[in-house]
Amino acid sequence: MQLAFCHTFFKLLNHQIQRLWRLKYPLLGPEVSTSFYGNMADVGKTPVARNEKTNSEFGYVGIDAILEQMRRKAMKQGFEFNIMVVGQSGLGKSTLMNTLFKSKVSRRSLMTSEEERIPKTIEIKSISHDIEEKGVRMKLTVIDTPGFGDQINNENCWQPIMKFINVQYEQYLQEEINIERKKRIPDSRVHCCIYFIPPTGHCLRPIDIEFMRHLSKVVNIVPVIAKADTLTLEERDFFKQKIREDLRANEIDIYPQKEFDEDAEDRIINEKIREMIPFAVVGSDQEYQVNGKRLLGRKTRWGTVEVENTAHCEFAYLRDLLIRTHMQNIKDITSSIHYEMYRVRRLNENNTQPNGQQAIHANGVPEHEVLSHEM
Ligand SMILES: Nc1nc2c(ncn2[C@@H]2O[C@H](COP(=O)(O)OP(=O)(O)O)[C@@H](O)[C@H]2O)c(=O)[nH]1
Ligand SMILES: [Mg+2]
């Protein structure tokens with residue numbers, strides 16, 4: 001009698017605890033077991049009498065709950081993503097950034113007088129925005145480089161951009177080696193550089209090759225064909241093919257780099273992306289009504305180019321790569337490959353200096369380092 005009461009009591013207790021546990025961790029599903037009470041409820045029964053389910057729950061520890069803990073921590077901290085756009089004026093850089101993040105994240109160039117519009121030298125401008133979607137916060141920084149390729153002589157116009165990228169690495173390094181380190185180092189390193197190729201339909205120009213050849217060694221480069229609505233389908237396919245050949249011939253390693261594929265699954269996914277790159281994109285921040293739906297597009301006399309429709313252009317592939325599938329990987333490669341290379345070189349240099357002194361540039365970067373972080 002007493003044994004029967006005990007049995008019923010523990011069974012009820014077990015049921016209540018399971019219910020509370022599921023309320024607290026709904027993601028964990030029904031498999032969560034409170035095996036201690038489960039065992040107690042079996043008091044007085046022979047082991048043979050236990051059912052299969054109780055047996056399978058017995059070994060559950062709860063290690064998978066770490067995922068939920070990580071998710072919450074990441075939600076609390078938020079994310080940082082720094083994206084740079086490079087290409088001549090008028091190729092649609094600002095428009096594409098607005099298209100990607102569906103808001104006015106980048107200022108469109110105002111069509112003022114030619115002289116005012118084109119800066120005499122390359123300016124580098126960063127604008128940060130706090131974006132929130134479904135409770136996930138992201139600090140997005142768009143780094144614009146107006147003036148790139150706009151001069152009569154564009155020789156070495158990649159240099160100020162290389163310098164800017166190195167300055168960000170240097171700032172991060174200085175924070176890292178400080179005795180009193182911040183709990184979280186602000187990350188201004190450029191995670192990704194979108195390089196805009198003008199839609200000429202021919203081949204890469206010397207300036208494109210020179211820029212990507214130098215910069216692909218220090219940053220993740222994602223080339224795109226700008227204003228792809230100006231090319232026919234045949235022209236687009238031919239141009240893409242030609243660009244891939246030019247990149248190969250000049251040994252330019254763009255993102256996602258073959259040598260950094262982590263496993264076979266990665267390789268299969270990235271191989272498909274590599275076969276499609278450069279994405280032929282169209283940008284727009286104007287919405288139009290098409291078949292009863294509101295879409296981002298470019299309205300012309302003969303129809304509307306739907307920016308997110310893959311039958312019209314490859315913008316959606318670029319968006320998926322940058323935001324939906326590879327954002328974390330882009331940040332990881334920046335940190336574990338590009339920044340790491342910079343860090344190792346800088347620390348080695350420090351060690352080889354007889355008196356530990358170096359020529360320091362006005363912006364805090366050693367003079368010879370400003371332009372020479374190329375392997
Ligand atoms: N045809 C076409 N025009 C575009 C595209 N993207 C932007 N534009 C237009 O090109 C002009 C320059 O765009 P903007 O984004 O300011 O170029 P940026 O100087 O590279 O930043 C604007 O009139 C845009 O509306 C595109 O994909 N196709
Ligand atoms: Mg612009």
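This is a predicted model: local features need pLDDT of at least 70, side-chain atom pairs count only at pLDDT 80 or more; totals for chains, interfaces and linings use all residues.
## A covered helix: α5

Helix α5 (residues 93–101) is mostly covered, with nine of its nine residues buried; buried here means under 20% relative accessible area, exposed means over 50% and partly exposed lies in between (1.4 Å probe, protein chains only). Helices (H or I, at least four residues) and strands (E, at least two) are DSSP runs, numbered from the N terminus. The buried set in α5 consists of K93, S94, T95, L96, M97, N98, T99, L100 and F101.

What do these residues pack against? The buried residues of α5 meet β1 (79–86), β2 (125–133), β3 (136–144), β4 (192–197), β8 (293–300) and α11 (315–325), where contact means heavy atoms within 4.5 Å.

Residues are numbered from 1 along each chain as its sequence is written, chains are lettered from A and ligands numbered from 1 in the order in which they are written, and side-chain values use heavy atoms, with hydrogens and water left out.

## The chain as a whole

The chain holds 12 helices and nine strands. Of its 375 residues, 42% are buried. Among contacts between residues at least 6 apart in sequence, 67% join residues at least 24 apart.

The accessible surface of the chain is about 22,100 Å², and carbon and sulfur atoms account for 54% of that. These areas come from the Shrake-Rupley method with a 1.4 Å probe; for residues, only the protein chains shown count as cover.

## I194 in strand β4

I194 is a residue of strand β4, and it counts as buried because its relative accessibility is 0%. Leaving out residues up to four places away in sequence, I194 touches I83, M84, V85, V86, M97, V222, V224 and L322. M97 is one of the buried residues of α5. I194 and I83 are 111 residues apart in sequence, yet their C-alpha atoms are 7.5 Å apart in space.

## Helices α7 and α8

The axes of α7 (residues 159–177) and α8 (residues 206–215) come within 10 Å and cross at roughly 20°. Axes are lines fitted to C-alpha atoms, for helices over the stretch in contact, and angles run from 0 to 180 degrees between N-to-C directions. The two helices are therefore roughly parallel to each other: angles under 35 degrees count as roughly parallel, over 145 as roughly antiparallel, 65 to 115 as roughly perpendicular and the rest as oblique.

Which residues make the contact? I161, M162 and I165 in α7 meet F211, H214 and L215 in α8. The residues of this contact divide into five nonpolar, one polar and no charged; Ala, Val, Leu, Ile, Met, Phe, Trp, Tyr, Cys and Pro count as nonpolar, Asp, Glu, Lys and Arg as charged, and the others, Gly among them, as polar.

## Backbone details in the loops

Most residues other than glycine have a negative phi, and most peptide bonds are trans. N156, in the loop between β3 and α7, has a positive phi near 60°. N156 is partly exposed, with a relative accessible area of 33%.

The peptide bond from Y255 to P256 is cis, with omega near -5°, and P256 lies in the loop between α9 (233–249) and α10 (264–276). Another cis peptide bond joins I277 and P278, with omega about 5°.
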